[in-house]
Amino acid sequence: MSTTTAQRTGFGAVLWDYLTTVDHKKIGILYLISGGFFFLIGGLEAMAIRIQLIKPENDFVSAGFYNEILTMHGTTMIFLAAMPLIFALMNAVVPLQIGARDVAFPFLNSLGFWLFLFGGLLLNASWFLGGAPDAGWTAYAPLSTTSPGHGVDFYILGLQISGAGTLIAGINFLVTIVNMRAPGMTYMRLPLFTWTTFVVSALILFAFPALTVGLFLLMFDRLFGSGFFNANMGGNSVIWEHLFWIFGHPEVYILILPAFGVFSEVLPTFAKKRLFGYTAMVFATVLIGFLGFMVWAHHMFTVGLGPAANSIFAVATMAIAVPTGIKIFNWLFTLWGGNIQINSAMLWSLSFIPTFTLGGMTGVMLAAAAADYQYHDTYFVVAHFHYVIVGGVVFGIFAGLHYWWPRMFGKILNETLGKITFWTFFIGFHLTFFIQHFLGLMGMPRRYWVFLADQGLDTGNFISTIGAFLMAVGTIVFLINVIVTTSKGEKVSGDPWDGRTLEWAIPNPTPHYNFKQTPLVRGLDALWVEKTEGRKEMTPAEPLDDIHMPNASILPFIMSLGLFIAGFGFIYQIDNISWLLAVFIGMGITLGAMFVRSVKDDLGHHIHKEDLDKGAGL
Amino acid sequence: MAENTNSVQNELDYHKKKKKEEMKQQVITFALMIVFTIIAFTMVAAGLDKLFVIPIIVVLAIVQVIFQLYYFMHMSHKGHELPAIMMYGGISVAFLTILTFLVLIWW
Ligand SMILES: [Cu+2]
């Protein structure tokens with residue numbers, strides 16, 4: 001089946017292949033393309049924000065429009081750029097790292113992606129339909145419940161649909177890592193990127209339901225006349241803040257932990273040393289995951305929870321600095337005495353350590369509840385979270401893309417262009433955000449569309465905007481790099497970095513079925529164990545046999561499309577009751593597709609062992 | 001060879017015995033669960049004090065959930081360690097969250 005697809009290489013065939021694929025490698029590429037697309041949109045919004053703030057009392061955009069781009073910048077970057085780009089890496093790498101032929105539920109994997117994409121498209125459709133959400137990415141009630149127009153409704157429905165996709169993806173990775181590990185791949189032999197994926201999936205499982213519930217309550221308040229967050233009707237707007245941050249704080253660890261995983265793969269590979277303190281790294285990851293659930297109120301110190309609550313949440317938050325510190329030192333000790341090779345992936349990883357440490361330091365400062373009354377809602381907070389999210393997550397994604405690009409696309413990204421991207425982006429980043437610490441300390445509030453002249457804020461904001469342009473240049477050079485590498489780059493071997501983990505034991509290009517024979521894992525850094533004993537390949541754990549693979553399906557796409565249509569129905573039924581028709585049609589499509597999936601047996605197909613040598617599934 | 005068949009036979013016996021044991025436990029738990037339900041309903045029907053009835057019903061419910069998980073859904077069997085960890089992890093996080101609300105935020 002896969003061979004016939006490979007022979008028809010017209011555009012339509014490729015499109016159909018990607019619309020129906022359940023192959024984790026292709027879904028990874030889909031996540032990469034759509035996450036990259038939303039990253040560019042979020043970046044454009046960031047540029048608009050910085051241009052507006054380049055000089056005092058600028059009027060590049062109107063106040064209302066500024067609120068929209070500001071809201072959409074945060075929402076897009078977190079939910080539609082960072083999350084999918086991380087899922088791109090997870091999909092591309094995790095099944096290979098554990099020696100599996102696919103994820104546990106390939107159909108659900110595809111469904112998770114299409115739900116995310118249609119949710120993101122629904123959210124961004126608001127730009128063309130009367131205005132985007134404008135209540136901040138946190139959508140605090142009562143601002144969000146009273147915001148006029150349909151912007152916030154698009155936020156609710158868009159995030160609800162893409163959130164369902166994320167939840168599905170998280171569960172899928174949990175089951176995959178529990179059940180699909182190759183023989184010998186015990187938990188304490190899992191590569192650290194797989195470990196962080198595992199912990200992150202558990203965080204998704206426990207944190208996203210809080211967002212789902214919060215969004216449902218908000219949806220009923222806005223669209224169906226309930227009053228959960230309306231004090232006049234006996235509701236309480238603070239409940240939204242609690243629900244949002246019970247989800248929101250674990251969410252930032254959902255973003256950062258996989259980046260930690262990437263660095264824990266890149267640093268040992270290019271220092272030619274095993275990761276220092278592997279066990280400590282694993283337990284630090286798990287501990288960060290657990291503690292992450294008990295600190296949400298540090299976003300709410302100024303709400304008035306009282307000194308007892310504030311103190312306890314302050315101490316709990318500071319406690320997280322301990323496992324994070326353990327990780328920082330372990331990375332440094334991994335480098336110590338290593339045979340270090342500097343390339344683009346390594347540059348991103350090395351620069352991450354000091355950058356993220358700065359973000360961590362301001363994090364501890366913000367955790368001091370009393371001091372937070374000074375920092376709250378100023379640019380100090382903006383500087384802090386950009387240091388951890390850009391300095392941690394975005395650097396991690398860049399490092400991961402440079403590192404795994406040969407695994408995903410068979411070619412190494414151009415080093416010169418990679419270094420130009422790194423230096424422009426790195427310098428631009430610090431130029432943009434370092435000064436914002438001081439702008440915040442001088443009292444510049446976040447989310448305001450103008451500032452006044454001669455208050456000591458002019459130069460700082462100007463410098464910040466220059467930095468943003470440098471980051472944009474870095475991003476554009478990266479895009480050029482992708483195009484240049486794709487068209488001119490040379491195909492490399494399956495193991496271009498002299499890697500340590502299982503994903504480098506596979507030939508290039510990666511076969512459809514990943515492993516011809518499931519490998520036998522004999523230690524941490526499975527491939528390295530074989531290399532030290534003079535072997536070039538993994539020892540197989542099974543004789544050559546027929547390979548069972550899942551069938552492609554268009555149903556995930558149809559299910560997600562149905563919810564997308566129903567989303568519009570929910571949003572507009574408040575204006576005109578006949579829009580309920582869209583709800584029925586959309587839900588009908590989704591439920592119909594689910595019904596078809598349930599009653600039609602789909603047992604997958606086999607690649608026969610006789611055909612394997614003839615190159616089937618390549 | 002003879003020894004081999006013998007050990008297979010032994011194993012079969014062992015499994016049979018174990019199955020029987022399990023069946024017995026399931027019947028007992030089933031009976032207990034019915035008794036619990038009857039107790040709960042009679043307490044409400046008898047119109048006892050709410051402060052007394054509600055905690056007891058909650059405790060009975062928790063016991064029934066545990067019965068359900070361990071005796072009917074076989075959580076005590078091998079290979080269920082990880083789901084157990086996930087469930088207890090989730091329960092403890094949810095419990096801590098609710099406790100925080102009760103004693104810290106809304107007291
Ligand atoms: Cu937080």
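Student: Where does A:P142 lie?
Tutor: In this predicted model, A:P142 lies in the loop between α5 (106-125) and α6 (143-146) of chain A. Helices here are DSSP runs of H or I with at least four residues, and strands are E runs of at least two, numbered from the N terminus.

Student: And what kind of peptide bond joins A:A141 and A:P142?
Tutor: A cis one, with omega about 0°. Another cis bond joins A:N508 and A:P509, with omega about -5°. A:P509 sits in the loop between α17 (458-488) and α18 (526-532) of chain A.

Student: Is A:A139 buried or exposed?
Tutor: Buried, at 2% relative accessibility. Buried means under 20% relative accessible area, exposed over 50%, and partly exposed in between (1.4 Å probe, protein chains only).

Student: OK, copper now. Which protein donors does the ion have?
Tutor: A:H249 (ND1), A:H298 (NE2) and A:H299 (NE2), lying 1.7 to 2.0 Å from the copper ion. Donors are N, O and S atoms within 2.8 Å of the metal (3.2 Å for Na, K and Ca); water is not among the atoms, so sites may look incomplete.

Student: How is the numbering done?
Tutor: Residues count from 1 along each chain as its sequence is written, while chains are lettered from A and ligands numbered from 1 in the order written. Local features need pLDDT of at least 70, side-chain atom pairs count only at pLDDT 80 or more, totals for chains, interfaces and linings use all residues, and side-chain values use heavy atoms, leaving out hydrogens and water.
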